[in-house]
Amino acid sequence: VDDEDRDFEYDADGTLWIKSITMPTRSNQEKEDGTLWVRSITMPARSNQEKLEDLLAEVKVLYKQKYGESVDDEGRDFEYDEDGTLWVKSITMPSRPNQEKLEDMLFEVKGLYAQKYGESVDDEDRDFEYDADGTLWIKSITMPTRSNQEKLEDSLAE
């Protein structure tokens, strides 16, 4: 877009000046002292939307020159829904599942156990097992202790 077509410019101090067209209306008024007051409506030469659309077109051309493809191609990484909301497409690559990480850590711990105790935790005579659902069952042998009644009887006998 040529600078001459823009409806704004900046002066040497950086102040923004907007070019406009002033249109007089028919409701001019003359005051009692003879002063003529001209009522006018100031309208921008072009709407802000038109200016933005021109700037967007310029950016699209510059993008195509630099990257060799149009931002309007169908293979783009974004789209707008019916409400005009911008949606950015992305692909997230999953990291290893937690199960795999835990299995690797378990393998390492089993190796450390075998180094320290000289036997594998996977030996057949282990104190645990898994059922068909994968639930861990720990084998234990509970030795009966003396009942409270037996303890009381012993203390009374003394």
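## Confidence in the model

In this predicted model, confidence in the protein is lowest in strand 3 (residues 20-24), where the mean is 58, and highest in helix 2 (residues 98-117), where the mean is 86; the score is pLDDT, the predictor's confidence in each residue, from 0 to 100. Helices (H or I, at least four residues) and strands (E, at least two) are DSSP runs, numbered from the N terminus. Across the protein the average pLDDT is 75, and 72% of the residues score at least 70. Where pLDDT is low, the predicted coordinates should not be read in detail.

Residues are numbered from 1 along each chain as its sequence is written.

## Overall build

The protein has three helices and 10 strands, which follow the pattern β-β-β-β-β-β-α-β-β-α-β-β-α along the sequence. Of its 158 residues, 3% count as buried, meaning under 20% relative accessible area, with exposed being over 50% and partly exposed in between (1.4 Å probe, protein chains only). Among contacts (heavy atoms within 4.5 Å) with a separation of 6 or more, 15% come from residues 24 or more positions apart.

## Surface

The protein exposes about 15,100 Å², of which carbon and sulfur atoms supply 53%; accessible areas come from the Shrake-Rupley method with a 1.4 Å probe, and for residues only the protein chains shown count as cover. Tyr-10, found in strand 1 (residues 8-10), is exposed, with a relative accessible area of 57%.

Key. This is a predicted model: local features need pLDDT of at least 70, side-chain atom pairs count only at pLDDT 80 or more; totals for chains, interfaces and linings use all residues. Side-chain values use heavy atoms; hydrogens and water are left out.
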